[in-house]
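Dear colleague,

Please find the structure below for your records. My notes on it follow.

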Amino acid sequence: MRFSRRAGLGLAIAAGALVALGGASSAAAQEGKRGGTLVAAFSADPGGFDPARGPSGMSHVVIEQVYSTLLNLDENAKPYAGIAESWSAAEDGLSWTFTLRPGLTFHNGEALTAEDVVYSFERILEPDSGYAYRSQIETIDAVTAVDDLTVRFTLNRVTGPFEIYMAFPGSSIVPKDLVESGWDLNAQPVGSGPFKFVSYTPRDSIVFERNGDYYEEGRPYFDGMVYRVISDPTALSNGLKSGEIHFSNEVPPKDWNAITTQAGMVDASIEGSRYFWMVPNHERGTLGNPLVRQAIAHALNRSAIVRGAFYGQATPIVGGVIPEWNWGYAGLEEFKPEGDIEKAKALLAEAGVAPGTSISLTMVSSWPPMMSMAPIIQANLSQIGFTATIDTMEVPRYWDEVWGPSNFDLTVMYWLSPLADPDDFVTNTYATTSAVNVQKGGSKKMDDLMLAAKSAVTIEERKALYRQQQELSLADMDVIPLVNGWVLTAHTDRLKNFKPMRTGFLKTLKDAWLE
Amino acid sequence: MLRLVLGRLASFVPTLFVASVVLFLAVNVVPGSAARSALGIQATPQALKRFEHQHGLDRPLAVQYVEWAGKALQGDFGTSFQNAVAVGPEVRKRIPVTLQLAGMAFLVAIAIAVPLGLIAGFRHQTGTDGVLTTLATLFGSTPNFWFATLLIYFFSLRLGWLPTGGYTPYLEDPVANLQGMLLPCIALGVVSSGLLIRIMRTAVIEVTFSNFIETARSKGVSNVRLVTAHVVRNALIPFFTVSAVEFGFLVGSVVIIEEVFRIPGIGSLVLVGIINRDYPVLLAAAMSITVIVLVVNLIVDLAAQLIDPRQVQVAR
């Protein structure tokens with residue numbers, strides 16, 4: 001509770017400003033053209049469509065079209081009104097009240113009321129729910145329906161990213177009566193979002209049709225959408241080149257130039273929230289020593305990795321993992337993009353590591369960027385005196401034999417933050433309690449810092465704390481940041497008013513149209 | 001004839017049983033975690049345990065097999081680990097797609113192999129034979145996915161005549177269906193024809209030099225009749241038997257071709273089942289391929305019997 005007391009001070013000001021923000025949405029943009037079917041391509045199958053389950057990013061890009069959330073995020077990850085037309089926080093920051101738009105309906109015609117909102121959150125809060133993003137909702141003590149259109153959340157701790165969480169696809173509102181009658185949302189999602197779910201054929205497509213009763217007048221513009229699942233990168237590129245596919249935000253890096261230089265194709269790529277890091281196992285040999293981890297971090301030529309593994313479509317991370325476009329960016333310049341072999345050697349000598357010490361790098365054979373960066377990393381490790389070997393493994397074995405039991409010296413992983421809140425960039429990777437912390441690192445100091453940063457009220461306060469967190473992360477070098485990948489988005493020039501999102505989400509498609 | 005069909009159908013039972021046991025073992029012996037594949041990197045140990053318990057993966061293999069087989073016999077193949085899709089209906093929906101693809105590819109292979117094989121056989125040890133034999137080797141040793149990529153490059157991206165992939169159901173739009181199927185069928189069919197050309201050629205040569213042809217020729221049978229009624233008809237018998245086996249291979253090779261051309265058949269299910277360790281999907285898809293191969297072999301045996309009634313004795 002130490003944090004909430006401190007947090008309370010700034011909140012009164014914030015709360016007043018928020019109500020005013022409530023009505024503002026991107027609806028003021030110019031009017032578009034109705035009709036047409038957008039064909040978009042993705043590389044992976046979704047893992048079901050129940051917001052309480054859907055563990056994968058591909059599930060979420062379907063869920064966000066079919067369901068609604070209290071708030072939405074715009075292209076810069078700023079919250080704006082969703083089905084809640086206004087919302088406010090109490091002075092102590094421990095209670096949030098949302099007022100729903102009147103007359104909302106689900107795709108099955110049932111009315112959406114405060115009861116459905118309460119039910120949706122109670123469903124994921126249940127201890128047995130198996131909800132994969134529990135860390136987002138763990139500060140919620142109670143959700144109550146004040147009346148048909150008013151919902152109140154009671155928190156046990158001030159939660160900085162609370163509004164962002166309310167816009168997350170996992171926080172989608174589900175129809176209470178339908179779900180209680182035994183309907184399986186995982187197979188047949190029913191929500192109140194811009195598009196109705198029509199069908200899903202594994203390894204082929206997901207089909208949507210326009211929701212004529214969507215609460216934003218005139219939106220969406222498309223009559224329907226087809227998400228094609230094309231796991232072969234060349235097949236995906238061919239579909240874009242031939243015009244059969246209108247849109248993809250997973251353009252294979254190897255084909256990026258060929259596709260975006262083609263006439264009629266728009267380059268809409270932005271630096272995103274997917275970053276890659278190297279995981280040093282703190283329980284293996286000399287890797288328990290922070291000096292050794294720092295040495296490896298300085299030895300890596302991140303520019304070469306960007307060129308060799310990402311065809312230039314990534315940014316080297318030279319400091320903490322929070323990217324430059326995010327407000328939590330600390331501007332630390334710890335590493336040289338092309339590496340610093342001399343500094344790395346000096347650090348290794350200080351740590352007392354004998355030349356020729358062997359070290360292995362375990363990579364997933366089916367992830368092209370991992371395979372391409374492996375020899376670069378191996379060469380950098382050799383330059384500072386390690387005898388480095390590369391092991392490769394296909395992905396299900398990797399989960400089971402390498403990742404799960406922390407059975408590696410070094411490996412590489414990536415994380416696409418679906419939230420674009422600084423907490424989401426760091427807590428997963430650095431918290432001692434995180435399932436992703438397979439490096440077996442972390443400290444109480446680090447955990448406390450991240451909690452303080454998450455629970456502070458003003459952005460300035462949070463920003464200062466994330467700076468400290470990132471400085472500590474570089475001193476401990478729990479994991480070794482590598483590069484931040486871009487969201488490689490290309491689409492036909494017939495698609496208008498599309499605003500790419502940093503997170504790779506596509507909620508903004510409801511505001512776009514085909515000409 | 002009826003006895004042959006019934007006998008063969010009865011032999012399906014042990015074959016399918018053995019195939020299912022082997023498949024089940026293979027799927028489970030292969031290392032890799034189904035739970036983690038389904039739940040992703042954030043999954044906690046508790047979540048993984050719960051998943052394995054929910055899907056019965058924490059029980060002995062024999063128990064799992066009996067339960068799976070019992071349900072499968074009633075037509076229930078369970079639901080996918082990755083999503084809530086019911087596997088049985090999904091596979092049934094895809095069987096016609098794969099059959100169309102493999103069937104049309106088979107026709108392409110036959111249409112290439114029969115004329116070229118006959119010509120090579122009749123002209124054997126000539127320049128024509130040399131060219132055709134080389135061509136057959138070339139066809140047979142080309143990887144079909146590589147050939148497929150070339151076809152896409154020329155016919156779809158360069159010339160823009162045909163789509164780069166995708167599938168339209170025949171009943172929805174026959175023209176679009178055939179346009180989409182053309183390149184994958186050519187890719188599969190041409191590669192398959194490699195072996196078949198050589199089989200046809202060898203069969204023709206063998207028949208041409210057999211005693212009964214000599215006899216027929218000395219009896220004064222006309223050249224045309226000699227070729228059509230005696231040589232070709234007899235040469236088709238071994239050709240048919242081998243093509244049945246080749247069709248089995250074709251059904252197996254659709255796995256990669258379906259992926260390259262984005263065709264929602266059984267092959268793409270096999271692939272996704274392996275990659276995600278999605279056991280219900282993989283087992284149902286692989287078993288359906290087994291059944292298809294068995295049925296096709298039965299049909300070819302029956303067809304072979306029409307050409308050569310002696311085959312009945314052999315088959316029994």
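Which hand does the crossing of H9(B) and H10(B) have? The crossing is right-handed, a term used if the near helix is turned clockwise from the far one by less than a right angle. The contact is made by Ile213(B), Ala216(B) and Arg217(B) of H9(B), together with Leu226(B), His230(B) and Val231(B) of H10(B); residues are in contact if their C-beta atoms, placed from the backbone, lie within 7 Å.

This is a predicted model, in which local features need pLDDT of at least 70 and side-chain atom pairs count only at pLDDT 80 or more, while totals for chains, interfaces and linings use all residues. Residues are numbered from 1 along each chain as its sequence is written, and chains are lettered from A and ligands numbered from 1 in the order in which they are written.

Helices are DSSP runs (H or I, at least four residues), numbered from the N terminus. H9 (residues 211-218) and H10 (residues 223-261) of chain B pack at about 155°, their axes 11 Å apart; axes are lines fitted to C-alpha atoms over the stretch in contact, with angles from 0 to 180 degrees between N-to-C directions. The two helices are therefore roughly antiparallel (over 145 degrees).

In chain B, H5 (residues 87-122) bends by about 30° at Arg94(B), and Pro96(B) follows within four residues. The bend is the angle between axes fitted to the seven residues ending at a residue and the seven starting there.

Between the chains, 35 residues of chain B are in contact with 36 residues of chain A. H2, H3, H7, H10 and H11 of chain B each supply at least two residues of the side touching chain A.

With kind regards

Technical notes:
Angles under 35 degrees count as roughly parallel, over 145 as roughly antiparallel, 65 to 115 as roughly perpendicular and the rest as oblique. Two residues are in contact if their C-beta atoms, placed from the backbone, lie within 7 Å.
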